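Got your viewer open and your selection tool ready? Let's walk through this one stop at a time.

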Amino acid sequence: MHGYTSRSLKIDLSAKTSEIIATPSSLAEQFIGGRGLGIALIGKRISLDYDAAGMPLIFSSGPLVATEAPTSGRSTVISRSPLTGTIADCSVGGRFGTELKRAGFDFIEITGTSDRWVMVTIEDLAVTISDAAHLEGKNVTGVRDLLGPEGSNAVIGLAGERQARYSSIVFDGHYLAGRGGIGAVMGAKRLKAIKIKGTLPVSVADSAGLKEAREEIMRLLRASQAIFGELGISEFGTAALVDLIHARRMEPTGNFKKTFYDASSSYSGYTLRQCYQTKKTGCRGCPILCKKVGNKGEVMPEYETVSHFGALNFNNDAAAIVEANRLCNEYGLDTISAAATLSCYAELENRVLSPQEMLDIIAEIGGMTTYRGRLLSQGSYRYAQAAGRPEASMSVKGLELPAYDPRGAYGMALAYATSNRGGCHLRAYPISHEILRKPVATDRFSFEGKARIIRIAEDMNAVIDSLTACKFVFFAASLEEYARAVSAVTGRTYDMQSLLKTGERIYVLERYLNSLNGFTSADDDLPKRFFIEEGSSSPNIIVKPLNRQEFLSARSNYYRIRGYDAHGLPTEALMERLGLGQYL
Amino acid sequence: MKRLIDKYTGKLTHQGLAGAENITLLCLDAEVTANRPLTEVNPELLRVFDLMNINALLYAEPEEPYKSIIRHLATREKDRLIPNDCENRTFLHDIPIISDLSADTLSRVLSRRKAAIVGAQGIISFGTVSPEQAFVSFSSVCFSTFVKFFTDVMFHLENLNAGKLQRDIALLEAYEEIIKFIQPAFPACDAISKNPPQNESEVVRQMIVAGKELVERRLVDSNFGNISYTFGDNIYISQTGSSLDELETCIDAVPLDGSSSSGITASSELSAHICIFRKTGMRAILHGHPRFTVIMSMSCRKDWCDLSTCYSSCSQDRSVSGIPIVSGEIGTGPSGLFRTVPEAMAKNRAVVVFGHGIFSAGIDSFGPAFELMQSVEKSFILEYFNKIRGLI
Ligand SMILES: [Zn+2]
């Protein structure tokens, strides 16, 4: 199999054993790699508790990884979410995917629970499971200092160790497998770190074809204002979106009570660049380099992070935002959930947190050192529920919403509701057409046509996460060009529609696996606030509450288009048609 | 979806791309909506929705001259067309040619490319987000085949005169037929102001008018081109993927000092516009792809030229009718046109980009920029036909 190493690794932490297995070629064919392969591997084990010994934690690369294809350095981590109880998968940047594949493996499946803290070291097919007592109780930098600079590493900080429900796995210091609390799965297994290094070659079926596909993609990237333009994310990182989302009046402010924060220019992409003299860095194999680092090595936060530690918490102190981001990277905490849980806390406490208090609470959550920290480490939903105010948790399926107010982008509203991992913007990323005008613009204040648009985009992003490529490229290129790349790499013939079919298979399987844990259409809903409170309008932009009836009608159209039944569940016929019969 | 269907069938007819009776535009959300009763729609077109994960499908037989052009090109090339113009090499890559409207064939080719030519007479295209994508692809095929046909004739005659190949009788016969549809003259335009705007809303209004006129006069196609005006501390510029004839809500104000990135949605040629203003002080800038400007920009081809690199880099100083032709790719890459055009604009108020289009500028109003673009296209049309006459 070109594009695959054909070998994968199984690790059992209970027995402290490892085994090299052949990558199941039928699964690779059906699910490609990354997210799809990981979901398929977990299968029915999804109904185990996240901290059960049998629950797998999977690190998966994809066929494009470690090849010449642009943005091919990514990998995916897959398990069950401790925060939402849904499937959890995180596409992650950095060097890990490349090293994993060069070390000779398509994926690693980790099961079992160790009786003491351990770490795993992998170097060119050789695997060691060793004692990690010396790493216990350390945060990310402390662990990384002891691991040394070579290769790539995946580490949990104190938050993962102590199983905060939105703890992350931190790759290479500042790339987070962020959402859904997958760090706690690693913590439950008492696995503190993975260190990986590879030098083996990766085979490509048709290098000339790949080069051509690469050139097609690069031409489109260079022609893209959003990516390589003066104001694009290559220059400013995703924080470039601060000004735009502000101007569109859909900036979640004060726990989503408002959609406009007058001080957001104090932490815009431009301001961060001026203040921190940022330079570019990024994932292995990426021409865009969207990550920004200040001249003293400060890691600049992503758009979601600046906006949520900013507007969502009424905070205009850029230094505090950068520090909040650093703390989250150190403890290994999802920044979106952390910031949104803070704003929920502030709403219930009926006050605004000062920048210093915000930072203090993050440390309490990350270390679970105080009662308040432990309470808030459970996420906004459990916290607000316990306080008798569940409606103050601005989340879907328990996953805190990111920094695009759904009242300002109706496709986003629907996509938050239907997302298989809860309130996530990346499953369908309608911001692309509703705000960024890519591939063309749609009417952001209308549900018209959105049901099918969301369904197609969900399928597409499931493929992208399985290839594994970066979503930003798709502001400029499309599956048309990536089909050529993956065909050249694997020697199999893919086109846009065959890839979308695979995406559909992945998405429906995820939905089915969620249904095994009791998820139904009742969970595909938004917090009440969006249907009864209006946003912050300007004379030109009116931000009304969402119309409940229109939302429900778009959602039922979506179920129909997907081939789900009235409860939003995949029918047997659909499962069979997609070749998913064996999961029934 | 009905609103969008009406909008894009309207644009197809209004821009002379296809007659209303020859258009089938289908949109799918939970149900199919069409511009005609579903009973009148070819069932094979409807069946494409079963085979493809898309939400819009457009099939139409184009109007002349595109009709004759695609008939000729599709008969000659059989398999696929490779555009000669730069934008469509990037955007369409190539245009497959298929023989019939069967759903299986359509889904096979449309799974690989954005549009295809069917049965040497129609064009099929689709969208996954909006019928606008289908419209843009359709319009791109019309533009691209037009440019390809006339450049092919020119290159053929050049090679013929150099004794390098046999006379292509079919091509030259088709040429005689097709030129009957070409109108060399453009109606005069006095809607565009020659007076500088005095305030922000006047800036926006003048941009809207200028954009509309460019399309109304058939000087450029609506989806290809951009327009800017520098006023105060901002450059006002059309947004990426906006239609020049509907700029009402599609103009971004971008601070020249870079202090806001809300203009991340601006035209992909933002950098070129800013650089032109900085280099020349010209406030009103138009960019578009008039057909013969694009065609003639490729006429300087020397023996040693490799057409595949002329777009991005060329060491020659080239001009046609005294208008400089420069190389440069779209966007901000290392061979981006924002590195070549502003330099050349310092000496000329109009500069043509090889195989792509033209930038023209006015000191403080769009009137002169518009006239310049129009007069360059007019003189390139004359130049083209003179050249062909000479070669024949
Ligand atoms: Zn252009």
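Before the first stop, one term: a polar contact is a pair of N or O atoms within 3.5 Å, where, within protein, one must be able to donate a hydrogen and the other to accept it. Keep in mind too that this is a predicted model.

**Stop 1**

Now look at where they touch: 23 residues of domain 1 of chain B meet 29 residues of domain 2 of chain B.

How much area is buried between domain 1 of chain B and domain 2 of chain B? About 2,300 Å², with carbon and sulfur atoms giving 60%. To find the residues of domain 1 of chain B that lose the most area to domain 2 of chain B, pick B:Glu87, B:Phe143 and B:Met154; together they make up 28% of what that side buries.

Which helices of chain B each bring at least two residues to domain 1's side? They are H1 (2-14), H4 (86-91) and H6 (131-161). H6(B) gives the most to that side, with 12 residues. Sorted by class, the side of domain 1 of chain B that touches domain 2 of chain B has 10 nonpolar, 7 polar and 6 charged residues.

This interface between the domains of chain B also has 3 salt bridges. Zoom in on B:Lys11 and B:Asp245, a salt-bridge pair whose closest N and O atoms are 3.4 Å apart.

**Stop 2: where chain B meets chain A**

Zoom out and show both chains. The contact takes in 56 residues of chain B and 49 residues of chain A. About 4,400 Å² is buried between chain B and chain A, and carbon and sulfur atoms give 52% of that. On the chain B side, select B:Asp29, B:Asn53 and B:Ile264: these lose the most area to chain A, together 18% of what that side buries.

Between chain B and chain A there are 20 residue pairs in polar contact (both at pLDDT 80 or more).

**Stop 3: follow the charges**

Side chains of opposite charge can pair when their charged atoms come close. Select A:Glu212, A:Glu216, A:Glu480, A:Glu481, A:Arg484, B:Arg80, B:Asp94, B:Arg113 and B:Lys114, and you have a network linked by salt bridges.

Within that group, zoom in on A:Arg484 and A:Glu216, whose side chains meet in a salt bridge at 2.6 Å, N to O. A:Arg484 is in helix H21 (residues 479-490) of chain A and A:Glu216 is in helix H7 (residues 207-222) of chain A, 268 residues apart. Is A:Glu216 buried or exposed? A:Glu216 has 13% relative accessibility, so it counts as buried. A:Arg484, at 28%, counts as partly exposed.

For another pair, go to B:Glu371 and B:Lys194, with their closest N and O atoms 3.2 Å apart in a salt bridge. B:Glu371 is in helix H13 (residues 366-391) of chain B, while B:Lys194 is in the loop between helix H7 (169-178) and helix H8 (200-216) of chain B, 177 residues away. B:Glu371 is partly exposed, with a relative accessible area of 39%, and B:Lys194 is partly exposed at 48%.

**Stop 4: a covered helix**

Finish by selecting residues 410-418 of chain A, which is helix H18. How many of its 9 residues are buried? The count is 9 of 9, including A:Tyr410, A:Met412 and A:Leu414. To see what the buried residues of H18(A) pack against, show strand E15 (395-396) plus helices H19 (431-434), H20 (450-467), H22 (496-516) and H24 (548-562) of chain A.

Terms used: Residues numbered from 1 in each chain as written. Chains lettered and ligands numbered in written order. Predicted model: local features only at pLDDT ≥ 70, side-chain atom pairs only at ≥ 80, totals over all residues. Heavy atoms only, no water. Contact = heavy atoms within 4.5 Å. Buried area = accessible area lost by both parts, 1.4 Å probe. Salt bridge = Lys/Arg side-chain N within 4 Å of Asp/Glu carboxyl O. Helix = DSSP H or I, 4+ residues; strand = E, 2+ residues; numbered from the N terminus. Nonpolar A, V, L, I, M, F, W, Y, C, P; charged D, E, K, R; others polar. Polar contact = N/O pair within 3.5 Å; in protein donor to acceptor, adjacent residues only side chain to side chain. Buried < 20%, exposed > 50% of the residue type's maximum accessible area, 1.4 Å probe, protein only.
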